Amino acid sequence: MSAYPTVKTIEEFRQQPAEYQDAVRKIVRSHALNELYGAQVFDEPAIQLAPTPYAKWLSCRVAMEEYHHHVRFKELADQTGVRPEEMDTKNKRPLNIFELPLESWEQFCVIKMLGDLAEILQVEDLLHCSFVPLRNIARTTMPEEKFHAQFGLDFCVDLVETDAGRDKVQRAVNGFYPEAPKFFGAPGSKNNEIYRKYGIKLRSNEEMRADYMARAKSTVEPLGITLPEVRLAA
Amino acid sequence: MSAALDEAWFSALGEPLGEAEHAEISAYLQGLGLPDLPVRAASSWQEAGALCRQPADAWWQAEEAERVRLQCSARLDPADPAWLQVTERLHGAAAVAAARSGCADAALIRVAAGAATSAAYQQRLAQAAGAPASHPFMRKYALYSGGRWPLGVYGERFAIF
């Protein structure tokens, strides 16, 4: 772990080097936008695709939790000086993972199972962040992120009980998973180096991506689902 | 919106229904253009969970058509912090009610919270669109805010916990 001292308050944050402040703003902005995109393009539309009131209401609650994550990160973005135009979804292209059109309930369950697993890894990396307000949001958010991934897994377990259901889940995995490892950023990232230098994050993009791919594999294999091959940039 | 924080959410689950509640249910169904159906009263969280795991497409679509109609004249921000505070209150109330009944099913508690969230959203939407107090979304909200969990129409019966 980095020896960088903990930064407990917004006032202390403002006394940090500009490079530290910029790094924190980038991470906070990224989480705020990703939570908003996820809620808008996946969670809220999934309510209509869900097959029963049970699944619809559960999806509704999950959507609200994702919006709440967005608000928590956005409040911190405001406090740390992220400019409002940087928080506008019209000005910031979403990650490729959010451009997949949501067309079926099976697809949504796979996105929760594998997409929220990726989010869990990102949040895990902030659990010991040197900037305490960000660390606290990560710790508050984590139990809900874990529930969301489990929600996806539980519904996928039900879906794969039939051959037709397994085929649909496999197709959804084939469509979603190849883009998911890109969620962890480029190898040899300069930004990531700065995050680790200041103890904001712990692991390199490569380490996180490898961990994600291993955990994704161990998640889907018991379901009789395979992960498609992914070509990573050199 | 702050009034929603003080309602009696999930406080009357499993209790016998009163005449006024029966009348509210009838008016709610009539307002949605559904027939006045017999009522099935669920008596436990497990029974409520099992009921709402069944499809209820006709009822859901009737509500959905009305939601879409109202959204032509009013829009709400789902990320409004004051609204999110209400949704947290609903989750808390569902968790407390479940704990009192010995139910520790985290998913089912979220299902109940999501149902109440959906009802509160529909009520806010109806209000924003200038709908009268007799609107079916207002009537459903009255059942929720009085401590019930209306579960929907399954087969030929309206279920409520």
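Q: Let me start with one residue: which helix does Leu90(B) lie in?
A: Leu90(B) belongs to helix H4 of chain B, which covers residues 81-100. One thing to keep in mind as we go: this is a predicted model.

Q: Got it. Is Leu90(B) buried or exposed?
A: Leu90(B) is buried, because it has 26 C-beta neighbours inside 10 Å, and 20 or more are enough for that label.

Q: Which residues does Leu90(B) touch, leaving out those up to four places away in sequence?
A: Its contacts are Trp9(B), Ala113(B), Ala116(B), Thr117(B) and Ala120(B). Take Ala113(B): it sits 23 residues away from Leu90(B) along the chain, yet their C-alpha atoms are separated by 5.4 Å.

Q: And how do H4(B) and H5(B) pack, in terms of angle and axes?
A: H5(B) is the helix of residues 106-128, and H4(B) packs against it at an angle of about 140°, with the two axes 8 Å apart. That angle makes H4(B) oblique to H5(B). As for handedness, H4(B) passes H5(B) in a right-handed crossing.

Q: Which residues meet where H4(B) and H5(B) come together?
A: From H4(B) you have Val86(B), Thr87(B), Leu90(B), His91(B), Ala94(B), Ala95(B) and Ala98(B). They meet Ile109(B), Ala112(B), Ala113(B), Ala116(B), Thr117(B) and Ala120(B) of H5(B). Sorted by class, this contact has ten nonpolar residues, three polar ones and no charged ones.

Q: Where is Phe10(B) placed?
A: You'll find Phe10(B) in the segment before helix H1 of chain B, the helix of residues 19-31. Phe10(B) is buried, with 26 other C-beta atoms within 10 Å of its own.

Q: Zooming out, how many helices and strands does chain B have?
A: Chain B has six helices and three strands. From the N terminus on, they run α-β-α-α-α-α-α-β-β. The radius of gyration of chain B is 15 Å, close to the 15 Å that the globule rule gives for 161 residues, so chain B is as compact as a globular protein of that length. Its C-alpha trace spans about 40 × 40 × 30 Å along the principal axes, and 41% of its residues are buried.

Q: What about chain A, how many helices and strands are there?
A: Chain A has eight helices and zero strands. Its C-alpha trace spans about 60 × 35 × 30 Å along the principal axes. Buried residues make up 46% of chain A.

Q: Last topic: how many residues of chain A are in contact with chain B?
A: 16 residues of chain A are in contact with 24 residues of chain B. On chain A, the elements that give two or more residues to this side are helix H2 (18-49) and helix H3 (53-80). H3(A) supplies the largest share, eleven residues. By class, the side of chain A that touches chain B has eleven nonpolar, three polar and two charged residues.

Conventions: Residues are numbered from 1 along each chain as its sequence is written. Chains are lettered from A and ligands numbered from 1 in the order in which they are written. This is a predicted model: local features need pLDDT of at least 70, side-chain atom pairs count only at pLDDT 80 or more; totals for chains, interfaces and linings use all residues. Helices (H or I, at least four residues) and strands (E, at least two) are DSSP runs, numbered from the N terminus. A residue is buried if 20 or more other C-beta atoms lie within 10 Å of its own, exposed if 12 or fewer, and partly exposed in between; C-beta atoms are placed from the backbone. Two residues are in contact if their C-beta atoms, placed from the backbone, lie within 7 Å. Ala, Val, Leu, Ile, Met, Phe, Trp, Tyr, Cys and Pro count as nonpolar, Asp, Glu, Lys and Arg as charged, and the others, Gly among them, as polar. Axes are lines fitted to C-alpha atoms, for helices over the stretch in contact, and angles run from 0 to 180 degrees between N-to-C directions. Angles under 35 degrees count as roughly parallel, over 145 as roughly antiparallel, 65 to 115 as roughly perpendicular and the rest as oblique. A crossing is left-handed if the near helix is turned anticlockwise from the far one by less than a right angle, and right-handed if clockwise. The radius of gyration is taken over C-alpha atoms; the globule rule is 2.2 Å times the number of residues to the power 0.38.
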